[in-house]
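Here is a short report on how two chains meet. Look at the model first, then read on.

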Amino acid sequence: MVRLRNLFAVVMLFGIYSLLSAALFVALDAVDVAFTEAAVGAGISTILMLATLALTNARERSVTRRRALALAICTVTGLVLVSAMVDLPVFGALEAPAHAHVVPRYLLDSYREIGVPNVVTSVLASYRGYDTLGEVTVIFTAGLGVLCVLGAGREPPADDREDG
Amino acid sequence: MEHHLVLRVAAKLLIPPILLFALYVQFHGDFGPGGGFQAGVIFGAGCILYGVVFGVDNLQRVVPAGVVRVLSAAGVLLYAGVGVWSLLSGGNYLDYGVLAADRVHGQHLGIMLVELGVGTTVSAVMIGLFYGFTSLRP
């Protein structure tokens, strides 16, 4: 088991992990998700975590007390997730529920109804337009909330600014 | 980062293609992979790269914090506004088919507009978060 206390290295590993996940998504033909993962996971969140590191310490404080309860909760949750994974349909299986319900209609009729070759776009923006409106609202309110917590709405005093 | 010459030159070369690629992903999302979310984060990442390498103050000159705040709300308003427009045109909320003379053309128009709204909000929120984190002093 590898344990890192240098948080800078942890952030970098996180970015590499995201980039590898993006490559995995490309391999699974989910290019839209791969775009997002590469730009958000490897790019922006790495920058934000580095900006946070600049405000705090770059080394994790060593924890002497072992937390038995936390370990137990993690183990139980992990076991539940693994046992749920057993029931998942095989990847790409035609009879999987995700491919059975409305998907045939989207794949067969969306070009005639929407006229957009990319089915992902027509599902996301047209068939599921309500969901996407909700998602955009969530992004907006989440950004607003983070900025409120950080207190970023206030203009800094003019002499407090420094260049670069 | 004034002394990192390689970084500055590489960033200068990379930022225009990143922004152009974001616009391509935005407006070609109907035909290829991509769409508003992806274009928004790519555009935001390009701007943030500029801010990281050339300083937040230079980025603030290009995209002032007030503009970012207005744009992040304007994207949601544009999306919801398309819904209201389709209501006023006699259809259901967010039913883009009624926006133009024939349904397929209306769907195209509606999808392009809502994707533009998504991209605007996402990129503005990303840049706004960057401003929020960098405005803090330890």
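How many salt bridges does a search of the whole structure find over all chains? It finds two. A salt bridge here is a side-chain nitrogen of Lys or Arg within 4 Å of a carboxyl oxygen of Asp or Glu.

This is a predicted model, in which local features need pLDDT of at least 70, side-chain atom pairs count only at pLDDT 80 or more, and totals for chains, interfaces and linings use all residues. Residues are numbered from 1 along each chain as its sequence is written, chains are lettered from A and ligands numbered from 1 in the order in which they are written, and side-chain values use heavy atoms, leaving out hydrogens and water.

A:D109 and A:R112 form a salt bridge (4.0 Å, N to O). They sit three residues apart in helix α4 (residues 103-113) of chain A, so about one helical turn separates them.

Between chain B and chain A, the count of salt bridges is zero. The two chains bury about 4,100 Å² between them, 72% of it on carbon and sulfur atoms. Buried area is the accessible area (1.4 Å probe) lost on being put together, summed over both parts.

The residues in contact (heavy atoms within 4.5 Å) are these:

| Chain | Residues in the contact |
|---|---|
| Chain B | 47 residues |
| Chain A | 47 residues |

Helix α2 (residues 31-55) of chain A packs with helix α5 (residues 103-134) of chain B at an angle of about 10°, with axes 10 Å apart. That makes α2(A) roughly parallel to α5(B), a term for angles under 35 degrees. Their contact includes A:I44 and A:L48 of α2(A), and B:F130 and B:F133 of α5(B).

Methods
Axes fitted to C-alpha atoms, helices over the stretch in contact; angles between N-to-C directions. Helix = DSSP H or I, 4+ residues; strand = E, 2+ residues; numbered from the N terminus. Parallel < 35°, antiparallel > 145°, perpendicular 65-115°, else oblique.
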